[in-house]
Amino acid sequence: MVKKITAVFFAALISAAFTACGASREYSSDFFAMDTYMSVKTCGTDATGAAEDEARRLETLFSVTDAESEIGRLNANGRVDASDETVELIEKALEISGITDGALDITVYPAVRAWGFTTGEYSVPSPEKIEELRDLIGFTNVKTDGNTVSVPDGYMVDLGAVAKGYLGDRVRDILKNEGVTSAIADLGGSIVTVGGKPDGSPWRVAIRDPNGDGSFGVIEVKDKCVVTSGGYERYFTDEDGVKRWHIIDPATAEPADAGLLSATVIGEDGALCDGLSTALFVMGAEKAEAMWRKEGGFEMILVTITGDVLVTDGIKDSFSLSEGSPYELKVIG
Ligand code: AMP
Ligand code: MG
């Protein structure tokens, strides 16, 4: 029997409903960094270069495929003397692991790699290999002592689930320091807005349809992050015709399978939104809803495999489904 594995790589780019800066002059820059396409638009003041520089700087700290990055050195040696910034992001990710009951786990990297999501050479690991991989996952084994970060033998760390949200936080701060009061950046599925549009109206951010190329709805925001995790971003289809995507359930070392096609988190803290979006995708709608009630501080839009779009109460008035959308909108209140 011929094994047929089809592989698809989609840039994580969400088609944000960017509209012009109105009467203000618009500056924009598109670039490729952190393994994804990014796009920054500022109104009135040109600071897009600073945003791109920041993406490249963070890549030299966090890239999991660059052996010279701080994370690359941690993974090669089991320990590294890291910058304050890397230690802080690791500690923040570990905190999010705590509140999501381990759904976010930065030690999933051996599994991410074994399934081929790093190289694009996709394959389904054997049951024995999966068992081995499960033994190499466990965020509580990541230790920080001052600036020294260490992991047990065979463990590897991947900040991919929080890095683009953290970049969003940095880009927002940099743009504000440069005097920008109106901007929107799409950092590969992590969208950050500064203020609203120059005319005072909110930015309109389109959310990618996980079942197609377009978007399924628009969320209006000011000064917020909108971060989406979706199976469609990077996946392959296995020999049984099942889509296997890059978001791994740390409990099984296999691609998450909790009934969601995408999870979008809206909030103020980009790194938190990013970590949560990945975690919610792993947790599924029921646990996500329970966490939203318990923790609060964020809003979410979940797309289920059964065709529902679940939107939390706090954003029900700023979210609209696209006209003629096949999805059914349900409010979680
Ligand atoms: P995101 O696009 O933010 O959802 O992050 C997904 C990326 O984070 C994947 O490409 C992996 O590199 C990594 N990853 C996958 N599953 C997890 C998980 N459960 N916890 C933490 N990182 C993950
Ligand atoms: Mg994430």
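Visitor: What kind of link joins aspartate 238 and arginine 244, and how far apart are N and O?
Guide: Keep in mind that this is a predicted model, where local features need pLDDT of at least 70, side-chain atom pairs count only at pLDDT 80 or more, and totals for chains, interfaces and linings use all residues. Residues are numbered from 1 along each chain as its sequence is written, chains are lettered from A and ligands numbered from 1 in the order in which they are written, and side-chain values use heavy atoms, with hydrogens and water left out. A salt bridge is a side-chain nitrogen of Lys or Arg within 4 Å of a carboxyl oxygen of Asp or Glu. The side chains of aspartate 238 and arginine 244 meet in such a salt bridge, and the distance from N to O is 3.0 Å.

Visitor: Which glutamate does arginine 244 form a salt bridge with?
Guide: Arginine 244 itself counts as buried, at 16% relative accessibility. Arginine 244 lies in strand E13 (residues 243-245) and its partner in strand E15 (residues 254-255), so the pair ties together parts that are ten residues apart in sequence. Helices (H or I, at least four residues) and strands (E, at least two) are DSSP runs, numbered from the N terminus. With the closest N and O atoms 3.6 Å apart, the partner is glutamate 254.

Visitor: How many salt bridges does a search of the whole structure find?
Guide: One of them pairs arginine 204 with glutamate 220, at 3.2 Å between the closest N and O atoms. That pair links distant parts of the chain, strand E9 (residues 203-208) and strand E10 (residues 215-221), 16 residues apart. Searching the whole structure gives a total of 19.

Visitor: Where is threonine 107, and is it buried or exposed?
Guide: Threonine 107 sits in the loop between helix H3 (84-99) and helix H4 (109-114). Its relative accessibility is 0%, so threonine 107 counts as buried.

Visitor: Which residue's side chain makes a polar contact with the side chain of threonine 107?
Guide: A polar contact is a pair of N or O atoms within 3.5 Å; within protein, one must be able to donate a hydrogen and the other to accept it, and residues adjacent in sequence count only if both atoms are side-chain atoms. A polar atom of the threonine 107 side chain also lies 2.8 Å from the backbone nitrogen of glycine 138. The side-chain partner, at 2.5 Å, is aspartate 105.

Visitor: Which loop holds methionine 34?
Guide: Methionine 34 has a positive phi of about 50°, although it is not a glycine. Its relative accessible area is 13%, so methionine 34 is buried. Its loop is the one between strand E2 (26-33) and strand E3 (36-43).

Visitor: Where is aspartate 223 found?
Guide: Aspartate 223 is a residue other than glycine with a positive phi, near 50°. At 34% relative accessibility, aspartate 223 counts as partly exposed. Its place is the loop between E10 and E11.

Terms used: Buried means under 20% relative accessible area, exposed over 50%, partly exposed in between (1.4 Å probe, protein chains only).
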